[in-house]
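User: Hello! I am new to this structure and would like to go through it step by step. Could you show it to me?

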Amino acid sequence: MTSGQPLPRDPEPSLTIAQVAERTGLTHDTLRYYEKAGLIERIGRTTGNQRRYQATDLAWLEFLLRLRETGMSIADMQRFARLRSEGDPTVADRLAMLREHRAELADRIRALRRNAAALDDKIDHYERLLDERRPGTDEPT
């Protein structure tokens, strides 16, 4: 390198599969499966053939986890990942997928709230029954 030229920057720090597993809660096998299934693009490797994940890989994995935790099927996650890999021409399709998924999630949240309310009613019922019993007996007052 000649003087006056800037020194090359260190490449973006990368993470091992163990570090990514620890950060995401995914197992090594799941990370490998996600790559094989096309959910994540092929991960770069060292000369020793060890996977090295970049920050962008980790951000994408975190988004995939949100999709999974909100009930998106693996098949739909694969479709979304495939669309993402095709770039800007698929933005409308990806938006439509996310809107549909968000609507389904809202329906499930409403159903869960109804179920929680029914459980609360039953809990209240049994608490009232216990409160009506005389101390020291199983007989209602």
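This is a predicted model: local features need pLDDT of at least 70, side-chain atom pairs count only at pLDDT 80 or more; totals for chains, interfaces and linings use all residues.

User: Which residues does the ring cluster with Phe63 link?

Analyst: Rings of Phe, Tyr and Trp (its six-membered ring) pair if their centres lie within 6.5 Å; planes under 30 degrees apart count as stacked, over 60 as edge-to-face and the rest as tilted. Across the whole structure, a search finds four aromatic pairs. Trp60 and Phe80 are stacked, because their ring centres are 6.1 Å apart and their planes lie at 15°. Phe63 and Phe80 have centres 5.9 Å apart and planes at 45°, so this pair is tilted, and the ring pairs link a cluster of Trp60, Phe63 and Phe80.

User: How many residues apart in sequence are the parts that the pair of Trp60 and Phe80 ties together?

Analyst: Helices (H or I, at least four residues) and strands (E, at least two) are DSSP runs, numbered from the N terminus. Both Trp60 and Phe80 are buried. Trp60 belongs to helix H3 and Phe80 to helix H4, so the parts that their pair ties together are apart in sequence by 20 residues.

User: Which residue lies over the face of Trp60?

Analyst: A charge sits over a ring if NZ of Lys or CZ of Arg is within 6 Å of the ring centre and within 35 degrees of the ring normal. Here the distance from the ring centre is 3.8 Å, and the residue over the face of Trp60 is Arg84.

User: Which helices do the buried residues of H2 pack against?

Analyst: Helix H2 spans residues 28-36, and Leu31, Tyr34 and Glu35 are buried in it. They cover an arc of only 100° around the axis (taken from the directions from the helix axis to the C-beta atoms), which puts them on the same side of H2. On the other side of H2, Asp29 and Lys36 are exposed. Counting contact as heavy atoms within 4.5 Å, the buried residues of H2 pack against helices H1 (17-24), H3 (55-69) and H4 (74-85).

User: What separates Arg32 and Asp29 in helix H2?

Analyst: A salt bridge is a side-chain nitrogen of Lys or Arg within 4 Å of a carboxyl oxygen of Asp or Glu, and the side chains of Arg32 and Asp29 meet in one (3.2 Å, N to O). Arg32 is partly exposed at 34% relative accessible area, whereas Asp29 is exposed at 56%. The two are three residues apart in helix H2, so what separates them is about one helical turn.

User: Which residues do salt bridges that share partners join into one network?

Analyst: Glu35 forms a salt bridge with Arg42, with the closest N and O atoms 3.5 Å apart. Glu35 also forms a salt bridge with Arg51, where the closest N and O atoms are 2.7 Å apart. Glu35 lies in helix H2 and Arg51 in the loop between H2 and H3, so this pair ties together parts that are 16 residues apart in sequence. Through shared partners, the network joins Glu35, Arg42 and Arg51.

Methods. Residues are numbered from 1 along each chain as its sequence is written. Side-chain values use heavy atoms; hydrogens and water are left out. Buried means under 20% relative accessible area, exposed over 50%, partly exposed in between (1.4 Å probe, protein chains only).
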